[in-house]
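Open the model in your viewer and keep the selection tool at hand. This tour goes from stop to stop and says what to select at each.

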Amino acid sequence: QVQLVESGGGSVQAGGSLRLSCVVSGSGRRIEVMGWYRQAPGKHRELVTTITDDGSTYYSDSVKGRFTISRDHAKNTLYLAMNSLKPEDTAVYLCNAGFYVGTYWRDSWGQGTQVTVSS
């Protein structure tokens, strides 16, 4: 299967920046799409951004223009550059990978990394 390990979270003041990383390892399957989700205390998990294998991206309106997703295939690593951070960006950020096992769609999750933005 596919294993994901995030890193790069931390505490910053509003207006600051962080870069998250997600290292992919496992069976060598082609990853069709990867994404970052976040979950704040007491809230549902929220899709932040995705990137397909051919580089197409999607951003939620709440992060558009501030966050940038990228993927380094050579390093098997997904990144999330977060700029102009706001207190409402505070959450656990989770990496997700979608792939096929035969004709079945599967996905894997990382353990998450905490991002805390203070005002």
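How many disulfides does the count come to by the distance rule? The count comes to one disulfide, where a disulfide is a pair of cysteine sulfur atoms within 2.5 Å. Before selecting it, note that this is a predicted model, in which local features need pLDDT of at least 70 and side-chain atom pairs count only at pLDDT 80 or more, while totals for chains, interfaces and linings use all residues. Residues are numbered from 1 along each chain as its sequence is written, and side-chain values use heavy atoms, with hydrogens and water left out.

**Stop 1: the disulfide**

Select Cys-22 and Cys-95, whose sulfur atoms are 2.1 Å apart. The angle about the S-S bond is -80 degrees, and the link is left-handed. Cys-22 lies in strand S3 and Cys-95 in strand S9, so the pair, 73 residues apart, links distant parts of the chain. Strands (E, at least two residues) are DSSP runs, numbered from the N terminus. Are the two cysteines buried or exposed? Cys-22 is buried at 0% relative accessibility, and Cys-95 is buried with a relative accessible area of 0%. Buried means under 20% relative accessible area, exposed over 50%, and partly exposed in between (1.4 Å probe, protein chains only).

**Stop 2: the four-stranded sheet**

Stay with S3 and show its sheet. Four strands form this open sheet in the order S1-S3-S8-S7, with antiparallel pairing. Two strands pair if DSSP finds at least two bridges between them. Strand S1 (2-7) and strand S7 (67-72) are the edge strands, each pairing on one side only. Six bridges join S1 to strand S3 (residues 18-26) in the antiparallel sense. Select Gln-3 to find Ser-25 of S3 opposite.

**Stop 3: strand S4 and its partners**

Now select strand S4 (residues 33-39). S4 pairs with strand S5 (residues 46-52) in the antiparallel sense over six bridges, and with S9 in the antiparallel sense over seven bridges. Towards S5, the bridge partner of Trp-36 is Thr-49. Towards S9, Tyr-37 stands opposite Leu-94. The hairpin of S4 and S5 has six residues between the strands, and there Gly-42 takes a positive phi near 75 degrees.

**Stop 4: two loop residues**

Asn-76 is partly exposed at 44% relative accessibility. Move on to Ser-84, in the loop between S8 and strand S9 (91-101). Ser-84 has a positive phi of about 50 degrees although it is not a glycine, and is partly exposed with a relative accessible area of 41%.

**Stop 5: the largest pocket**

The largest pocket holds about 190 Å³ of space. On a 1 Å grid over the protein atoms alone, a pocket is an open set of points with protein on both sides within 12 Å along at least five of seven lines, and lining residues have an atom within 4 Å of a point. Of the 14 lining residues, select the closest to its centre: Val-24, Arg-29, Ile-31, Arg-71 and Asn-76. S3 and S7 are the elements that give two or more residues to the lining, and S3 gives the largest share, three residues.

Notes: On a 1 Å grid over the protein atoms alone, a cavity is a set of points where a 1.4 Å probe fits but cannot get out, and a pocket is an open set with protein on both sides within 12 Å along at least five of seven lines; lining residues have an atom within 4 Å of a point. Grid points are joined across faces, edges and corners, and a volume is the space filled by probe spheres set on the points.
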